[in-house]
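Please look over the chain shown here.

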Amino acid sequence: MYLAELTYKVIANTHFSRAEAAIRAFSEALIFNGNMLGREMPTAWQQDRFSSRLVIPATDALQRTNLSSRALQAEQQLMAAGLAYPQLQVLGMDIMSQHTSNQPVEALLLFTTFSDNCSPLRNMADLAPLPLYQWQPADGGDHENLIRWQIQFQALDEIQQQQQRVLQKTAENSLQQYHSVLNRQGRQLATKISQRNTLPVYYALYSGSSTDCHADATKRCPGCGADWQLSTPLLALFDFKCDSCCLVSNIAWECQTP
Ligand SMILES: [Zn+2]
């Protein structure tokens, strides 16, 4: 990923609140199409311009051909708010985030964790993230539904990672149970993205903790009941894979042999 600066020059009389609203709408459109990562875009007002810092998945992430129609409309609104078209300057590689995959893609994996600042669509070849704007969205004109699913997944994962959890089992159950609303939504998104892009999209089912390590290591695919254990883990992470259900998972962490 890359750290970049986006500059919005003031070219006409404008109100701070109008300019701020237009910049906010444009940023939101970039977030929901995967052109920028994360949800924070610190922005400074510097007399004749506004400057924002953002993380982008590739140096060409903000090229017009990669923008959604919503982002292009929001860009027009910047003009109406007295701002010039934003100018992007790439500052360099972001050393704090994952790198975008550069391997050929044969299958995708929908996978995210609480600490990610990247696309939840990964290349099955190397687990590295892929920019969302390169793929047809599950529904509508951009990836808003997928990003909103990722936000909820990460929030629950963050909670269940804490020692002093404020939700005892609720967060983990949502992440772990095949039929939870969170996992149903995620699997539906994976199916739709698969259909719209005509390639397999696997869903990574979080395994969580287990009180019975024998049962956990011999569990069956929760989608179809098949034996889905792999002889060697996939991507050094997944012990289970079902090609019929497009599902991968792993043995609970405390049950894994080092
Ligand atoms: Zn299955």
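## Helix α5

The model is predicted. Within helix α5, the buried residues are Asn183, Gly186, Arg187, Leu189, Ala190 and Ile193. Viewed down the axis of α5, these buried residues fall within an arc of 160°, so they line one face of the helix. An α-helix has 3.6 residues a turn, so residues three or four places apart point the same way.

The face of α5 turned away from the buried side carries exposed residues: Val181, Arg184 and Gln195. What covers the buried residues? The cover includes β5 (108–110), α3 (144–161) and β7 (201–205).

## Length and end of α5

Helix α5 covers residues 181–197, which makes 17 residues. From its first C-alpha to its last, α5 reaches 24 Å. That is close to the 24 Å expected at 1.5 Å a residue. Just after α5 comes threonine 198, with a positive phi of about 45°.

Strand β8 spans residues 229–234. Is β8 largely buried or in the open? Of its six residues, the number buried is zero, so β8 lies largely in the open.

Strand β9 (residues 238–242) runs antiparallel to β8, and two bridges join them. Leucine 234 has phenylalanine 238 of β9 as its bridge partner. Together β8 and β9 form a hairpin, with three residues between the strands. In that turn, leucine 235 has a positive phi of about 55°.

## Two domains

The protein chain is divided into domain 1 (2–93) and domain 2 (108–255). Their centres, taken over C-alpha atoms, are separated by 31 Å. The contact draws 15 residues from domain 1 and 12 residues from domain 2. On the side of domain 1 that touches domain 2, the residues divide into seven nonpolar, seven polar and one charged.

## The whole chain

How many helices and strands are there in the protein chain? There are six helices and 10 strands. The C-alpha trace spans about 70 × 45 × 30 Å along its principal axes.

The chain has 258 residues, and buried residues make up 36% of them. Sequence separation is the last item. Among contacts with a separation of 6 or more, 64% are between residues 24 or more positions apart.

Key
Residues are numbered from 1 along each chain as its sequence is written. This is a predicted model: local features need pLDDT of at least 70, side-chain atom pairs count only at pLDDT 80 or more; totals for chains, interfaces and linings use all residues. Domain bounds come from an automatic or database domain assignment. Two residues are in contact if their C-beta atoms, placed from the backbone, lie within 7 Å. Ala, Val, Leu, Ile, Met, Phe, Trp, Tyr, Cys and Pro count as nonpolar, Asp, Glu, Lys and Arg as charged, and the others, Gly among them, as polar. A residue is buried if 20 or more other C-beta atoms lie within 10 Å of its own, exposed if 12 or fewer, and partly exposed in between; C-beta atoms are placed from the backbone. Helices (H or I, at least four residues) and strands (E, at least two) are DSSP runs, numbered from the N terminus. Two strands pair if DSSP finds at least two bridges between them. The expected span of a helix is 1.5 Å times one less than its number of residues. The arc is that of the directions from the helix axis to the C-beta atoms.
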